[in-house]
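Please look at the sequence and the model below, and then follow the paragraphs with the structure in view.

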Amino acid sequence: MAGEYRFSFGPWNIHEGADPFGPTVRRGLTFARKLKSFKKLGFDGVQFHDDDAVPNMNDLSPKEIAKQAKEVRNMLKEEGLAAEFVAPRLWEDPRTIDGGYTSNDAEARQYAKERSRRAIDIAAALETKLIVLWLAREGTYIREAKDSKQAVDRLVTAINDMLDYSPDIKIAIEPKPNEPMDQAYIPTTGHALALSYVTRNPKRVGVNIETAHVILAGLDPSDEMGFALACDKLYTVHLNDQNGLKFDEDKSFGSVNLRRAFNQVRILDKYNYGKRGEFVGLDVKAMRTQKQDVATKHLSNSRTIFLRLVELVRSLNQAKVDQLIAERDYEELDLLILNHLMGK
Ligand code: GLO
Ligand code: MG
């Protein structure tokens with residue numbers, strides 16, 4: 001069964017444990033060192049921010065950027081890994097304090113556009129066609145700061161520019177309702193897909209659904225996945241978990257609510273997610289308390305839980321489920337699922 005799914009994570013998922021209230025607690029590892037752990041942990045795909053691949057990209061010409069990215073592609077090949085996607089990191093530069101694509105400052109918007117084009121160049125060099133857009137600062141702290149209609153128009157303009165720049169790429173929007181902003185313009189799957197349909201080429205614009213972000217929006221991750229699958233737009237996922245409405249926790253998959261994780265695996269497995277090359281992507285963080293030499297367990301554990309849930313999904317007595325649905329005996333169905341999760 002293992003091996004039917006291919007898993008990915010990003011280098012930022014192995015991190016030093018800093019949070020807004022305290023400094024790092026673990027040693028930083030180089031990208032090359034992190035790369036060595038992917039296969040060992042059972043992963044085949046690497047998710048990238050553009051500057052994970054080319055750290056000093058803002059100081060380089062497009063040619064130099066492509067050259068450095070090709071060196072990274074060779075490193076991937078040596079490890080037997082593939083790049084899953086590249087995401088332009090638009091939330092750290094001083095120019096994008098007030099957002100990139102939706103900034104009120106024309107120069108900031110221009111920077112965001114150029115940076116996104118470079119991210120696409122990096123994706124080409126890394127031999128992936130997928131671009132992820134986590135629209136981190138495309139929102140507001142106060143309503144009056146930006147015009148919401150204009151902001152969405154500007155997002156469409158930015159996406160159209162990327163689609164025109166490269167006929168090969170597909171764009172997966174990663175919705176999130178808040179953090180770092182008070183209100184984000186694209187908070188849910190529905191918003192992302194509506195945005196897709198007003199771009200120049202909806203066939204190339206879909207979503208990256210992150211469990212924690214969906215929970216922060218008060219919605220159910222498996223239903224959001226079903227929505228995207230029905231629209232044929234689930235390009236990738238960021239599986240993790242989240243304990244209610246608080247800061248974005250990025251906990252290990254299934255660690256808060258196993259039933260919710262089971263239902264995500266169930267909808268993905270039922271509709272053949274992965275059969276067209278999609279990765280099972282994780283976006284998980286190790287607890288700050290975790291010691292250096294065991295600070296990758298959140299990754300291997302999340303993968304293990306996913307695969308164990310695949311087994312549980314496939315061994316569920318579907319005939320019984322169908323019968324209880326036909327009888328409309330959802331109380332009995334509830335118990336059936338709980339017993340199944342408890343191994344009974
Ligand atoms: C933060 C996001 C972030 C993105 C990543 C890829 O809340 O989940 O981790 O997934 O930067 O763009
Ligand atoms: Mg994410």
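Which space is taken by ligand 1? The space that ligand 1 takes is the largest pocket, where a molecule counts as sitting in a pocket if more than half of its atoms lie within 2 Å of the grid points of that pocket. This is a predicted model, in which local features need pLDDT of at least 70 and side-chain atom pairs count only at pLDDT 80 or more, while totals for chains, interfaces and linings use all residues. Residues are numbered from 1 along each chain as its sequence is written, chains are lettered from A and ligands numbered from 1 in the order in which they are written, and side-chain values use heavy atoms, with hydrogens and water left out.

Around ligand 1 there are 13 residues (each with a heavy atom within 4 Å of the ligand), and the closest are His49, Glu174, Lys176, Glu210 and Asp283. An N or O atom in the side chain of His49 is 2.6 Å from an oxygen atom of ligand 1, a polar side-chain atom of Glu174 lies 2.7 Å from an oxygen atom of the ligand, and for an N or O atom in the side chain of Asp283 the distance to a ligand oxygen is 2.8 Å. Of the 330 Å² of accessible area that ligand 1 has on its own, the protein covers 93%, with areas taken from the Shrake-Rupley method with a 1.4 Å probe.

Helix H10 (297–315) is among the elements that each supply at least two residues of the lining of the largest pocket, and H10 gives the most, with 3 residues; helices here are DSSP runs (H or I) of at least four residues, numbered from the N terminus.

Methods. Polar contact = N/O pair within 3.5 Å; in protein donor to acceptor, adjacent residues only side chain to side chain. 1 Å grid on protein atoms, 1.4 Å probe; cavity = no way out; pocket = protein on both sides within 12 Å on 5 of 7 lines; lining within 4 Å.
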